[in-house]
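Student: Hi, could you walk me through this one? I'd like to start with the strands.

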Amino acid sequence: MTSGGGSDAVNGAAQEDFDERSIDILVSLAKNGEIDPWDIDIVDVTDRFLARVAELEKLDLRVSSRTLLFASMLLRMKSDALEESEPEDLYEEESVEDELQACFPALKSKVRRHAKRRVTLSELIQELKKATKRKEKSDVRRFMQLQVQEFDAVGLAHSEDIEGQVKHMKRELKRRFALRDQVLFSELIVDNTVEAIVETYIPLLFMATRRQIQLEQKELFGDLLITCKDL
Amino acid sequence: MNDRDLVEAALFVAGRPLTLIELESIVSIDADVEGIVASLVKEYGEKGALEIVQTDEDMVMQVKSEYADAVRPIAQRDLETPVLRTLAVIAFHQPVTQSKVAEIRGNKAYGHVHELEARKLVESEPHGRTRLLRTTKAFADYFGFETDSLEEIKQSIGQLLH
């Protein structure tokens with residue numbers, strides 16, 4: 001009992017000594033101005049405390065377990081402090097947004113009408129006319145290209161040949177206009193092939209451009225009506 | 001905010017007919033929506049270029065007919081011009097193959113047909129390697145044709161062309 005009691009007394013004294021030593025470390029850190037007791041940075045204090053413990057270990061190997069406990073507690077506090085840093089950032093971002101909204105309340109979008117109206121039948125018809133006109137133009141362009149390619153392929157000066165065709169067509173039309181005022185395009189086609197149709201159509205286009213004849217299409221995709229103007 | 005102003009704002013922003021149920025969903029629980037609409041119909045009818053028209057099922061805010069032609073060019077159409085042009089070609093030539101439409105309108109016509117099918121204005125069925133296109137009943141309703149008969153629609157368009 002006595003030895004046990006004596007041992008307890010020794011242990012208690014040692015414990016007190018070690019506690020004081022740990023507190024002394026913190027007090028000396030404060031006294032040296034290394035930490036501010038009213039504004040403690042846990043991360044900084046932990047680092048400084050552990051550095052001081054390491055120094056003392058070199059001087060005195062009997063550094064108490066309590067000192068190490070304080071160190072571990074400080075370490076825990078340090079890790080908690082570091083963990084908490086993320087939510088703090090989020091809080092700061094939210095507050096910035098709140099501040100912006102308070103400064104610029106007019107950023108709320110206006111509700112405007114974005115209605116679209118229906119298309120009318122008249123507009124549908126107009127677009128059909130435009131589509132037809134575009135198709136006719138592209139057909140003529142394609143025929144012209146085809147004609148040029150064919151003439152080029154046989155090495156002919158196509159302008160001379162076109163003029164030849166125009167002359168031939170003029171003779172043919174004069175003969176027909178002697179009998180009546182108007183001639184149908186379909187009457188002039190000798191052979192119902194693409195080449196024959198092109199060869200008939202092209203000289204008519206040249207003559208229409210020179211205002212020698214007038215080309216008219218009464219119905220969409222219908223026959224062409226040729227009227228004499230100045231042959 | 002009062003219920004009368006809320007109904008007016010809703011009719012303006014919708015840009016389409018609204019049902020009584022839709023209007024009731026935004027006003028206070030004890031509001032007399034029918035009474036409010038009747039009062040707005042009268043109020044708008046007396047002055048200004050807008051009117052509120054009420055049918056049995058719904059009500060709509062629109063431009064009065066005497067102003068419609070003048071402002072129509074400014075109002076945005078719900079079909080873009082290239083798509084409308086392709087629709088016109090289909091309506092005039094129907095039943096017409098998709099390849100023929102593409103020949104007349106170019107390769108972009110395939111995309112236009114896709115959009116017109118999604119709008120239910122055109123329908124198609126397989127036809128050899130291509131598809132055969134025709135207009136639908138929704139097309140006839142949209143453009144105010146009395147019938148959805150292809151022949152009669154083609155005939156009407158043909159008459160309007162000349």
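Student: Which strands of chain B form a hairpin, and how many residues lie between them?

Tutor: In this predicted model, β5(B) and β6(B) form the hairpin, with two residues between them. One residue in the turn, B:Gly128, has a positive phi of about 65°. Helices (H or I, at least four residues) and strands (E, at least two) are DSSP runs, numbered from the N terminus.

Student: How many bridges join β5 to β6 in chain B?

Tutor: Six, between β5 (residues 122-127) and β6(B), and the two run antiparallel. B:His127 stands opposite B:Thr130 in β6(B). Strands count as paired if DSSP finds at least two bridges between them.

Student: And which strand does β4 of chain B join?

Tutor: Strand β4 (residues 96-97) is joined by two bridges to β6 (residues 130-135) of chain B, again antiparallel. There, B:Thr97 stands opposite B:Leu132.

Student: How are you numbering things?

Tutor: Residues count from 1 along each chain as its sequence is written, while chains are lettered from A and ligands numbered from 1 in the order in which they are written. As the model is predicted, local features need pLDDT of at least 70 and side-chain atom pairs count only at pLDDT 80 or more, but totals for chains, interfaces and linings use all residues.

Student: Switching to helices: is α5 of chain B mostly covered or exposed?

Tutor: Mostly covered: ten of its 13 residues are buried, among them B:Val83, B:Leu87 and B:Phe92. Buried means 20 or more other C-beta atoms within 10 Å of a residue's own, exposed means 12 or fewer, and partly exposed is in between, with C-beta atoms placed from the backbone.

Student: What about B:Val37, and why does it get its burial label?

Tutor: B:Val37 lies in helix α3 (residues 33-46) of chain B, and it counts as buried because 20 other C-beta atoms lie within 10 Å.

Student: Which residues does B:Val37 touch?

Tutor: Leaving out residues up to four places away in sequence, B:Val37 touches B:Val7, B:Ile52, B:Gln54 and B:Met59. Contact means C-beta atoms, placed from the backbone, within 7 Å.

Student: Last topic: how many residues does each chain bring to the contact?

Tutor: Chain A gives 18 residues and chain B gives 25. The predictor gives the complex an ipTM of 0.75 and a pTM of 0.48.

Student: What is the mean pLDDT of chain B?

Tutor: It is 92, and 100% of the residues of chain B reach 70 or more. pLDDT is the predictor's confidence in each residue, from 0 to 100.

Note on methods: Two residues are in contact if their C-beta atoms, placed from the backbone, lie within 7 Å.
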